[in-house]
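Try each task before reading its solution.

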Amino acid sequence: MRELCFVIVAFIICQYLYAQDIVPLKSSSYYKELLKKKNEIISEDYAEMDGDSVKEVVMFVSREKDKKSFLVLKTTDDKKNYQEMIEYKIKEGFALEKYEIDDVTGDKKADLLIWLRDESPDENGIHLVIISAYGTVFKKIFEGSYYFSKVEGSSNLMEKVIQYGEIKEGINLADEDKNGSKEILIPREKKLVYFGHTKPPVTIVYGGVYDVYRYKSGSYVKEDSPKVVNFFVPVKVKGIEATSELSLRPKKAKKGGDLESEVLNPAKWAADGNIGSSWSPDTSVAKKGSKESIRFEFDGSQAVKAMIMIPGCMDTEDSWEPNNKITAFSVRLSNGTESQIIRGKYQAVSSPILGVVESARAETQGAFQYMIFFEENTVTYSVEIIIDKIEKGSNKKSPRTCISEVLFFQ
Ligand SMILES: [Ca+2]
Ligand SMILES: [Ca+2]
Ligand SMILES: [Ca+2]
């Protein structure tokens, strides 16, 4: 019992001596001065921020004229007083949402996260400031804002929004960086299309673009390339068939052999992942009045949200212009529903197609692609593209009709 008492007394003495070592905040002249200047202390936290084993004081104060600030304090060298290492003044028009003391930089030292709200009546914005110690210097290592879209809530009921995935609105801190620091992701834009010709008009959100900030030697730096998130997932094609394939027929049969032709542009080249290879029908064997088509089959019943169709011959840089351009084609699903797409008349599409967007391709001058959006919940075993109309290329002798690549998405 005596020994135990001794230990307890020693412990109390040690505590007292340690407490004597560093002056308590409230008895410091810094604190008295602060109160004298009519500062109101709203909160007071202790955290190790710079790695010297002495905790810093994080204070939230209301200064004169209702101006609020965060202060990070360190003890003076003689440990008899406190000094301000940094002051972050909350900007006019902003209010404190919350603050957090957490390590976001991955160095096991606490950082101060100040979340602010834009108080303007017609704005809904969030603002984040991160204060951290880099070596012995306390500084602001990140400052960024995000404004929530106002469309939500007040959106027109006559319009429909099909959102194929989630865009994380706000300022997102993600544990994605390998060095242990958190990555900051802020949505920059949505990848969307708007079709005004449908009843009701429809907006399809199929992806998002985020600005990415990474912690690099003492500061959060914005990455040059944003993070692009695509909600569409590619669908594998199981089989491809075409009404004909452009072939080279030998003029003479080999002795005793058959007239064997060499296929130049097989159907499978329309979905081989290579823009430079294409399917071409063999128009010389086509029956009069019949249309050429190519049919893509999936591995069973498949949900299809969109497809990209890249027409034109792009095997060489100058093969696009001399060859034929497909200006009208139909898309037929396994249940027989069919819709025709006419270049430049995209409002004329019907079920199962919701809308079409044409965009230029970078490979060759003049080249373009059709991005075709299907109605919601479209399911099919196959997609057939029927060539309805072509515009002859400048090569009058033997122009080809090509489909370079077709991609499907679910
Ligand atoms: Ca410290
Ligand atoms: Ca840290
Ligand atoms: Ca190809």
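**Exercise 1. A pair of strands**

How many bridges join strand 1 to strand 2, and in which sense do the two strands run?

Solution. This is a predicted model. Find strand 2 at residues 56-62. Count the bridges to strand 1: there are 7. The two strands run antiparallel. For one residue position, take D45, which stands opposite V58 in strand 2.

**Exercise 2. Partners of strand 12**

Which strands pair with strand 12, and in which sense?

Solution. As background, strands of a sheet pair through backbone hydrogen bonds, either parallel or antiparallel. Take the partners in turn.

- Strand 9 (residues 160-163) pairs with strand 12 in the parallel sense, over 4 bridges. K160 has V202 as its bridge partner in strand 12.
- Strand 11 runs antiparallel to strand 12, and 11 bridges join them. K191 is bridged to G207 in strand 12. The two strands form a hairpin, with 6 residues between them.
- Strand 13 (residues 219-222) pairs with strand 12 in the antiparallel sense over 4 bridges. Y215 stands opposite Y220 in strand 13. This pair also forms a hairpin, with 2 residues between the strands. In its turn, S217 has a positive phi of about 30 degrees.
- Strand 14 (residues 227-230) is joined to strand 12 by 4 bridges, and the two run antiparallel. Here G208 stands opposite V229 in strand 14.

**Exercise 3. Where two domains meet**

Describe the contact between domain 2 and domain 3.

Solution. Start with the bounds. The domain assignment gives domain 1 (22-147), domain 2 (153-231) and domain 3 (239-246 + 262-409). Next, the spacing: the centres of domain 2 and domain 3, taken over C-alpha atoms, are 31 Å apart. Now the contact itself. It involves 8 residues of domain 2 and 7 residues of domain 3. On the domain 2 side, strand 11 (183-195) and strand 12 (202-216) each supply at least two residues. By class, that side has 6 nonpolar, 2 polar and no charged residues.

**Exercise 4. Placing one residue**

Is L35 buried or exposed?

Solution. First locate L35: its place is in helix 2 (residues 29-36). Then count C-beta neighbours inside 10 Å: L35 has 11. A residue with 12 or fewer is exposed, so L35 counts as exposed. Finally, compare its position with I390, which lies 355 residues away along the chain. The C-alpha atoms of L35 and I390 are separated by 83 Å.

**Exercise 5. Checking confidence**

Where in the chain is confidence lowest, and where is it highest?

Solution. Begin with the whole chain. Its pLDDT averages 90, and 91% of the residues score at least 70. Helix 3 (residues 151-154) is lowest, at a mean of 51. Strand 18 (residues 293-303) is highest, at 98. Keep one rule in mind: where pLDDT is low, the predicted coordinates should not be read in detail.

Technical notes. Residues are numbered from 1 along each chain as its sequence is written. Chains are lettered from A and ligands numbered from 1 in the order in which they are written. This is a predicted model: local features need pLDDT of at least 70, side-chain atom pairs count only at pLDDT 80 or more; totals for chains, interfaces and linings use all residues. Domain bounds come from an automatic or database domain assignment. Ala, Val, Leu, Ile, Met, Phe, Trp, Tyr, Cys and Pro count as nonpolar, Asp, Glu, Lys and Arg as charged, and the others, Gly among them, as polar. Two strands pair if DSSP finds at least two bridges between them. A residue is buried if 20 or more other C-beta atoms lie within 10 Å of its own, exposed if 12 or fewer, and partly exposed in between; C-beta atoms are placed from the backbone. pLDDT is the predictor's confidence in each residue, from 0 to 100.
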